[in-house]
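Thanks, everyone. Please have the sequence and the structure open while I talk.

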Amino acid sequence: MKRRQFLSHAGYSAGLLLASSPLVSTASTSPPRKLGVALVGLGNYSTRQLAPALQHTTNCRLAGIVTGTAAKAESWAKQYDIPAKNIYNYENFEQIKYNTDIDIVYVVLPNSMHAEYTIRAAQAGKHVICEKPMAITVDECQRMIDACREAGVKLSVGYRLYFEPHHLEVRRLGTEKVYGAVKMMETSLGFSMADPTVWRLNKKLGGGGAIMDLGVYAIQGARRVIGEDPVAVTAQGYVRDKTIFKDIYETMMFQMEFPGGAISNSTTTYTSYVDRLYATTGYRWFGLQPAFNATGTTGDSSEGKISFPTPDFQQIRQMDAFAQSIFDNTEPRASGEEGMKDLRIIEAIKNAANTGKRVEIEWQS
């Protein structure tokens, strides 16, 4: 099962949006108009999640597409009534700057292309959502942030779980120390991917295997629950099938140390299913399992179930929140700085796995 199918295996049929959790607000006022979104890259995630979600958003709408495949352009134009003038390819992408129907460009391309198309979109005067991981390196992240700042446009990373009510609740439990201070966490995400032709297994395109693809979830699952960033990491990388996993780790286990004394243990893997977030304060605990998939989260705790109604598509709240930040001229919650922070942690984890040493992370005050 491919990655996006794993994350969206049952959640791509359109349906009614359930009542929003009071924990999440994506609109402070009625939008003056719906902002037009152009999806760049029409793979599984755009097809099964983003485009259907955009049929239910309040603040934005699907207005255009960018694809290198003529058959996809024709199919999408018919399905979503997209006019020919709003359909672009990778050669004429810059022409999008003249299209007033399009306000936001959503980059849904292989990781190695995130920086290029985010910067090109910013230079075209469009606000940008970039899928995670934000880029391959911290340096690329900084160039993306600088390009958007110089162009006067907003930048967000596709962190759908920043707006998911179960994740917001465990963040509240942790940061407010409802059950006491968190001492230990476990956060893991993995599935089986044994196809060497998939771009995510290509180090140049994907950036380094499961830690790049799934690591963001495990990292955020820990750091956002307690509202702290790790100060040091250790890590272990494993490769059992070198005919499939070439120059990348198929499994990465890593430990993070936090300034308040909490520690976490995490796993990302392309060989086995795991999807879990767990935090304990001693005798009391709370967590999510499954935690990170796009089709529904289940929560539990030592005090009882953690349960909220969820929409068919988590990306509805995510994209509406970004559009609202444009209306309000505020910093997006899932900002480029947040994306760069995760890449800094990932770089430290890869360094720790490669050297076998504990790696400290220095944060600018």
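I start with a term. A residue is called buried when its relative accessible area is under 20%, exposed when that area is over 50%, and partly exposed in between. Q220 has a relative accessible area of 9%, so Q220 counts as buried. Keep in mind that this is a predicted model.

Stay with Q220 for a moment. Where is Q220 found? In helix α9. Which residues does Q220 touch, leaving aside those up to four places away in sequence? They are Y159, Y162, V225 and D342. Now look at E338. Along the sequence, 118 residues separate Q220 from E338. In space, their C-alpha atoms are 9.9 Å apart.

Next, the sheet under that helix. There are 8 strands in an open sheet, with mixed pairing. Read the order as β13-β12-β11-β7-β10-β9-β8-β14. The edges are β13, residues 299-301, and β14, residues 359-360. Each of these edge strands pairs on one side only.

Strand β7, residues 184-192, and strand β11, residues 271-280, run antiparallel. How many bridges join β7 to β11? The number is 8. For a landmark, find M185, which stands opposite A279 in β11.

Two helices lie across strands of this sheet. One is α9, residues 215-226. Helix α9 lies across β7, β9, β10, β11 and β12. Its direction is at about 160° to β7. The other is α11, residues 336-355. Helix α11 lies across β8, β9 and β14, and runs at about 60° to β8.

Now helix against helix. Two packed helices are described by the angle between their axes and by the distance between the axes. Here the pair is α6, residues 165-175, and α9. Their axes come within 6 Å and cross at roughly 50°. That angle makes α6 oblique to α9. On the α6 side, the contact is made by V170, R171, G174 and T175. On the α9 side, R224, V225 and I226 make it. By class, this contact has 3 nonpolar, 2 polar and 2 charged residues. Note V225, which Q220 also touches.

On to the other sheet. Here 6 strands form an open sheet, and the pairing is parallel. The order is β3-β2-β1-β4-β5-β6. Strands β3 and β6 are the edges, each pairing on one side only. Look at the β6 edge. Strands β5 and β6 run parallel and are joined by 3 bridges. For C130, the bridge partner in β6 is V157.

Helix α4 lies across β1, β4, β5 and β6. Relative to β5, α4 runs at about 165°. Why call α4 largely enclosed by the rest of the structure? Because 8 of its 10 residues, in the stretch 114-123, are buried. The buried ones are H114, A115, Y117, T118, I119, R120, A121 and A122. What covers them includes strands β1, β4, β5 and β6, along with helix α5, residues 138-151. After α4 comes G125. The phi of G125 is positive, near 80°.

The loop between β3 and β4 holds N99. Is N99 buried or exposed? N99 is buried, with 6% relative accessible area. The N99 side chain makes a polar contact of 2.7 Å with the side chain of N86. Another polar contact, 2.9 Å, links the side chains of N99 and Y88. Leaving aside residues up to four places away in sequence, N99 touches K85, N86, Y88 and K126.

Then R33. R33 sits in the loop between α1, residues 3-7, and β1. Its relative accessibility is 41%, so R33 counts as partly exposed. With residues up to four places away in sequence left out, R33 touches N59, D103 and F327. With D103, there is a side-chain to side-chain polar contact of 2.7 Å.

How values were computed. Residues numbered from 1 in each chain as written. Predicted model: local features only at pLDDT ≥ 70, side-chain atom pairs only at ≥ 80, totals over all residues. Heavy atoms only, no water. Buried < 20%, exposed > 50% of the residue type's maximum accessible area, 1.4 Å probe, protein only. Helix = DSSP H or I, 4+ residues; strand = E, 2+ residues; numbered from the N terminus. Contact = heavy atoms within 4.5 Å. Pairing = 2+ DSSP bridges. Axes fitted to C-alpha atoms, helices over the stretch in contact; angles between N-to-C directions. Polar contact = N/O pair within 3.5 Å; in protein donor to acceptor, adjacent residues only side chain to side chain. Parallel < 35°, antiparallel > 145°, perpendicular 65-115°, else oblique. Nonpolar A, V, L, I, M, F, W, Y, C, P; charged D, E, K, R; others polar.
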